[in-house]
Amino acid sequence: MVREMPSIAIELQDVRRTYRVGNADVHALHGAELQVASGEFLAIVGVSGSGKSTLLHVIGGLDSPSAGRVLVRGDDVASMSAQQKTEYRRTMVGFVFQSFFLLPHLTAEENLQLALTMQGIYGLERSKRARNSIERVGLAHRARHKPSQLSGGEQQRVAVARAIVNRPRILLADEPTGNLDQATAHELMTLLRDISNDAEMTVLVVTHDEALVRQFCDRLVRMRDGKFVEQQLLHDVWHRAGGANNG
Ligand SMILES: Nc1ncnc2c1ncn2[C@@H]1O[C@H](COP(=O)(O)OP(=O)(O)OP(=O)(O)O)[C@@H](O)[C@H]1O
Ligand SMILES: [Mg+2]
């Protein structure tokens, strides 16, 4: 049977990011090449300093590469104007970090509403989206809690809800389970995987926990010295796209 190739959500072509420190060059990204399928749940691993965070920043338009192309659904993020890049960050990508970065004086729901306000979404639409998003992460019963009244795992779920509140096509998570215990980390990965399944979101997660990766992700790619040096296919994205149940 001929299987249809999934479309490419992200393509990196010889991406470089060099920092000048004193009179030495630091090559945070040094010829990174990668293709990510639409809807894929991809894990990025690698030792500290291998360029993982820099990579997510460049894909998410928070940082610009020194050279190379960062194609997201065919558009080169690197060559966007400042205005285009702002629009791109607003509509196409969501970020989750190791620290949850929720505003402490706002409730979970208000944190989401604020994110929507900053996108120019108000009124009923804002309430509806915030509500949907908080329900999506299973925290409707905690919507009126402030961060200090939530567990670490719950706070990270709110951060995920905030990242998807604008229904981005790409979710970038930088060590999202880094501050969570094992059971909670497991739950968070389940959530991210479900989101990548049902929202057709492409999810890139940086992590040090390869056991979790093996259980949840479609593919593992390993970075070393600013480039990709290894990949392992774990689940079949093509299968998933066809709806087969492979755990
Ligand atoms: N602003 C900066 N100025 C200079 N060097 C930087 C800067 N940001 C990162 N680097 C260097 O670039 C390299 C890659 O950094 P990066 O943060 O991407 O690594 P990482 O893989 O995310 O590491 P970790 O697992 O510790 O988070 C490191 O050697 C780092 O010291
Ligand atoms: Mg990092």
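**Helix packing around α3**

Helix α3 passes helix α5 in a right-handed crossing (right-handed if the near helix is turned clockwise from the far one by less than a right angle, left-handed if anticlockwise). The model is a predicted one, in which local features need pLDDT of at least 70 and side-chain atom pairs count only at pLDDT 80 or more, whereas totals for chains, interfaces and linings use all residues. Residues are numbered from 1 along each chain as its sequence is written, and chains are lettered from A and ligands numbered from 1 in the order in which they are written.

α3 and α5 (residues 152-163) pack at an angle of about 25 degrees, with axes 9 Å apart; axes are lines fitted to C-alpha atoms over the stretch in contact, and angles run from 0 to 180 degrees between N-to-C directions. The two helices are therefore roughly parallel (angles under 35 degrees; over 145 is roughly antiparallel, 65 to 115 roughly perpendicular and the rest oblique). Ala108, Asn111, Leu112 and Ala115 of α3 make the contact with Val158, Ala161 and Arg162 of α5, contact being C-beta atoms, placed from the backbone, within 7 Å. By class, five of these residues are nonpolar, one is polar and one is charged (Ala, Val, Leu, Ile, Met, Phe, Trp, Tyr, Cys and Pro count as nonpolar, Asp, Glu, Lys and Arg as charged, and the others, Gly among them, as polar).

The axes of α3 (residues 108-118) and α4 (residues 123-136) come within 9 Å and cross at roughly 130 degrees. α3 and α4 are therefore oblique to each other, and their crossing is right-handed. On the α3 side the contact involves Ala108, Glu109, Leu112, Gln113, Leu116 and Thr117, which meet Arg126, Arg129, Ala130, Ser133 and Ile134 of α4. This contact has five nonpolar, three polar and three charged residues.

The protein as a whole has eight helices and ten strands (DSSP runs, H or I of at least four residues for helices and E of at least two for strands, numbered from the N terminus). Buried residues make up 40% of the 247 residues; a residue is buried if 20 or more other C-beta atoms lie within 10 Å of its own, exposed if 12 or fewer, and partly exposed in between. Among contacts between residues at least 6 apart in sequence, 69% join residues at least 24 apart.

Val72, in strand β4 (residues 67-72), is buried, with 23 other C-beta atoms within 10 Å. Not counting residues up to four places away in sequence, Val72 touches Ala9, Ile10, Val77, Met92 and Ile170.

Conventions. Two residues are in contact if their C-beta atoms, placed from the backbone, lie within 7 Å.
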